Amino acid sequence: MKTTLDILICSCDKGIVRTDDILLPQQENIRYIISYQYTDERYLDLIPEQLSTRPDVNLFKYKGKGLSANRNLAMEKSTAELFMFADDDTHLLPEAIEEIFKVFREDGALDIAFFKASTYTGKPLKSYPTESFEVKKMPSAYSISTIEMVCRRSKVQGVIRFDERFGLGTKFLTCGEEEIWLEDAFRAKLKMRYFPVKTVETSTMLKKSLIYVDAGVQRSLGAQTYYVHGRRAWWICFRFALKSATNKMCHFWPMIHHLYEGIRYMRRTCLLYTSDAADDSL
């Protein structure tokens, strides 16, 4: 019996016009779930006709915005053995699909697999490790993006959700949802492994690369650091701001102000799961 895969495509407003470019030729064990957020009814006229004519495509429409919420909506609709995420500016590599099936067939205990992505010109999206390894803690050499992951649905659905206060479409914490998601996966003791295989191409610029100039990214880092480290986040963020300013990457006071804004935001919202951080939030 063939392994089944749901490809979860998250789109918003004008981005829907690109979604039919993601679809591969029909395969009986692959289904596309498109979660489409729109902020005005006029965007509904942009939905490509192909999305309603292909039997392997399911389109769900929601009024609103927020990428993390969109990913959660798409994840709830998945019914296949495996699912992976795709944004409306990604291209899936047909040859990578069999490789995805292969790694899950060979390791029945694997819950989440991480792969590689590149730009449309073939340039790696980041500096990826060259060897496969089990992911037991937050990687220090590179960061993990949602479009690089494939999940075993039975182990992830209903266990982990994206924190909807983080990510594109929010005004305060504009990134960091992937790090929070990964931290929750560690706490859930899921088995995760990285494979040096490219699965997608994208035009996306990594938001986290704007850490020295973007207030939303800086607030997100502060909030994320507090989520993971609790009260130690104050000192960790102080050292990061001081080092960044010393290296002339930014000015110290604006950086530390935004980092601490993120920490205070997390303290107010009380979404901490470690006992040390929870005690500190009282």
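**Notes on the predicted model**

1. The side chains of K2 and E28 form a salt bridge, with N and O 3.7 Å apart. K2 belongs to the segment before β1 (5-12) and E28 to the loop between β1 and β2 (30-38), so this pair ties together parts that are 26 residues apart in sequence. Both K2 and E28 are exposed. The structure considered here is a predicted model, and a search of the whole of it finds 18 salt bridges.

2. A second salt bridge joins the side chains of D87 and R71, at 3.8 Å from N to O. Since D87 lies in strand β4 (residues 82-87) and R71 in helix α2 (residues 67-77), the pair ties together parts 16 residues apart in sequence. D87 is buried, as is R71.

3. E148 is in the loop between β7 (133-134) and β8 (149-152), whereas K126 is in the loop between β6 (112-119) and β7; the two are 22 residues apart, and the pair links distant parts of the chain. E148 counts as buried because its relative accessibility is 1%. K126, with a relative accessible area of 12%, is buried because the limit is under 20%. Elsewhere, salt bridges that share partners join R71, D87 and E177 into one network.4. The aromatic pairs number 14. In one of them, the rings of F83 and F85 have centres 5.6 Å apart and planes at 85 degrees; the pair is therefore edge-to-face, for which the planes must be over 60 degrees apart. F83 and F85 are both buried. Together with F162 and W181, F83 and F85 form one aromatic cluster.

4. Two arginines have their charged ends over aromatic rings. The charged end of R71 sits over the ring of F162, at 5.4 Å from the ring centre; R71 is also the salt-bridge partner of D87, and F162 is a member of the aromatic cluster. The charged end of R219 sits over the ring of F172, 4.4 Å from its centre.

5. Just after α6, G230 takes a positive phi of about 65 degrees.

6. Helix α6 is mostly covered, 11 of its 15 residues being buried.

7. Helix α8 (residues 252-269) has 18 residues and reaches 26 Å from its first C-alpha to its last, close to the 26 Å expected at 1.5 Å a residue. Its buried residues include F252, M255, I256, L259, I263 and M266. The buried residues of α8 pack against α6 and α7 (233-246).

How values were computed. Residues are numbered from 1 along each chain as its sequence is written. This is a predicted model: local features need pLDDT of at least 70, side-chain atom pairs count only at pLDDT 80 or more; totals for chains, interfaces and linings use all residues. Side-chain values use heavy atoms; hydrogens and water are left out. Rings of Phe, Tyr and Trp (its six-membered ring) pair if their centres lie within 6.5 Å; planes under 30 degrees apart count as stacked, over 60 as edge-to-face and the rest as tilted. Buried means under 20% relative accessible area, exposed over 50%, partly exposed in between (1.4 Å probe, protein chains only). A charge sits over a ring if NZ of Lys or CZ of Arg is within 6 Å of the ring centre and within 35 degrees of the ring normal. A salt bridge is a side-chain nitrogen of Lys or Arg within 4 Å of a carboxyl oxygen of Asp or Glu. Helices (H or I, at least four residues) and strands (E, at least two) are DSSP runs, numbered from the N terminus. The expected span of a helix is 1.5 Å times one less than its number of residues. Contact means heavy atoms within 4.5 Å.
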